[in-house]
Amino acid sequence: MPPSLTVVGSINYDLTARVERFPRPGETVTGAESAGGPGGKGANQAVAAALLGASVRMVGKLGKDIFRERSLEGLEAAGVAIDDITFDDGDSGLALILVDASGENQIVVTPGANWRLAPGDVDVGRTDGLLCQLEIRADVVEALATRVDGLFCLNAAPARPVPRSAVERADLVVVNRYELEALGSEPRLTALTLGAEGAVLLEGGEEVARAEPPKVTAVDGTAAGDAFTACIVVSLLEGRDREEALRRACAAGAIAASRLGAQRSLPTAAEVDEILGA
């Protein structure tokens, strides 16, 4: 029976422009290729976890605008349960993304309905694990930390201060270097992502595991962190040891970085097995 995972977080629609290079301040760069698709860290991680074999329920908020239905497409296609997504009359979340020729990105998010998600909107329910990020309000994350009995993972992204109680309750905190600096307190167990160098697991600040990603050609890093986070959580819920979970997460992130887009770049469990030679 697959592990159950509740994801509480952001649901966005992504508008992406692929450019040869990023514009300088005040400069206009032309010749870009554009695309749109569902995104948001919460939704991306929910889709990724479902593709990796978990039974996933998404909790979030959308507005009633032209992006509402489009933002749900990836969740529905992956089989994520969306009955706990609520709606209001405001704008939905929107992300404006630039991706350069090397695969680096710059992202600006207008949170819209994501920022209007309140603690009272969230019923954690019975679940093996709970995963949330920081594209929702801090008081929601803080409230969730007191309500979950199973594995609680916090992807502390984007970088901003996090309530100490949430960090101390988290069984796992996933961060990059900048996000780790912004935490303000030390997690019990940290998965620190290092980009092309892979990732390390830190327990009480001491390294306990390290993994490198398989070699790929990076074209778009937009959802690589989301693939990593979902994969390490699902792997731990499946009962895999920490080293294997970290190795699989690095592989999932690498696969996502080798593809264009957010949710359409996310790998299945079979694809992770294949790239690892399992």
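1. A pocket, as the word is used here, is an open set of grid points with protein on both sides within 12 Å along at least five of seven lines, and its lining residues have an atom within 4 Å of a point. In this predicted model, the largest pocket is lined by 50 residues. Asn 105, Asn 176, Gly 221, Ala 224 and Gly 225 are the lining residues that lie nearest its centre.

2. The space in the largest pocket comes to about 1,400 Å³. Two or more lining residues come from each of strands E2 (12–18), E6 (93–99), E7 (105–110) and E10 (172–175), and from each of helices H1 (41–51), H5 (177–182), H6 and H7. Sorted by class, the lining holds 25 nonpolar, 16 polar and nine charged residues.

3. The second largest pocket has a volume of about 290 Å³. Its lining has 18 residues, and Thr 16, Ala 35, Leu 260, Gly 261 and Arg 264 lie nearest the centre. E2, strand E3 (33–39) and E6 each give two or more residues to this lining. E3 gives the most, with six residues. The classes are six nonpolar, seven polar and five charged.

4. Helices H6 (residues 224–237) and H7 (residues 242–257) pack with their axes 7 Å apart, at an angle of about 150°. An angle over 145 degrees counts as roughly antiparallel, so H6 is roughly antiparallel to H7. Their crossing is right-handed.

5. On the H6 side of this packing, the residues in contact are Ala 224, Ala 227, Phe 228, Cys 231, Ile 232, Ser 235 and Leu 236. They meet a set in H7 that includes Arg 242, Ala 245, Leu 246, Arg 248, Ala 249 and Cys 250. Further along H7, the contact takes in Ala 252, Gly 253, Ala 256 and Ala 257. By class, the contact of H6 with H7 has 13 nonpolar, two polar and two charged residues.

6. How many cavities of 30 Å³ or more does a search of the whole structure find? There is one. The largest cavity has a volume of about 30 Å³. Leu 172, Leu 189, Leu 201, Ile 232, Leu 236, Arg 242 and Ala 245 line it. H6 and H7 are the elements that give two or more residues to this lining. Six of the lining residues are nonpolar, none is polar and one is charged.

7. Ala 224 lies in the contact of H6 with H7 and is among the residues nearest the centre of the largest pocket. Ile 232, Leu 236, Arg 242 and Ala 245 belong to the helix contact and also line the largest cavity.

Note on methods: Residues are numbered from 1 along each chain as its sequence is written. This is a predicted model: local features need pLDDT of at least 70, side-chain atom pairs count only at pLDDT 80 or more; totals for chains, interfaces and linings use all residues. Side-chain values use heavy atoms; hydrogens and water are left out. Axes are lines fitted to C-alpha atoms, for helices over the stretch in contact, and angles run from 0 to 180 degrees between N-to-C directions. Helices (H or I, at least four residues) and strands (E, at least two) are DSSP runs, numbered from the N terminus. Angles under 35 degrees count as roughly parallel, over 145 as roughly antiparallel, 65 to 115 as roughly perpendicular and the rest as oblique. A crossing is left-handed if the near helix is turned anticlockwise from the far one by less than a right angle, and right-handed if clockwise. Contact means heavy atoms within 4.5 Å. Ala, Val, Leu, Ile, Met, Phe, Trp, Tyr, Cys and Pro count as nonpolar, Asp, Glu, Lys and Arg as charged, and the others, Gly among them, as polar. On a 1 Å grid over the protein atoms alone, a cavity is a set of points where a 1.4 Å probe fits but cannot get out, and a pocket is an open set with protein on both sides within 12 Å along at least five of seven lines; lining residues have an atom within 4 Å of a point. Grid points are joined across faces, edges and corners, and a volume is the space filled by probe spheres set on the points.
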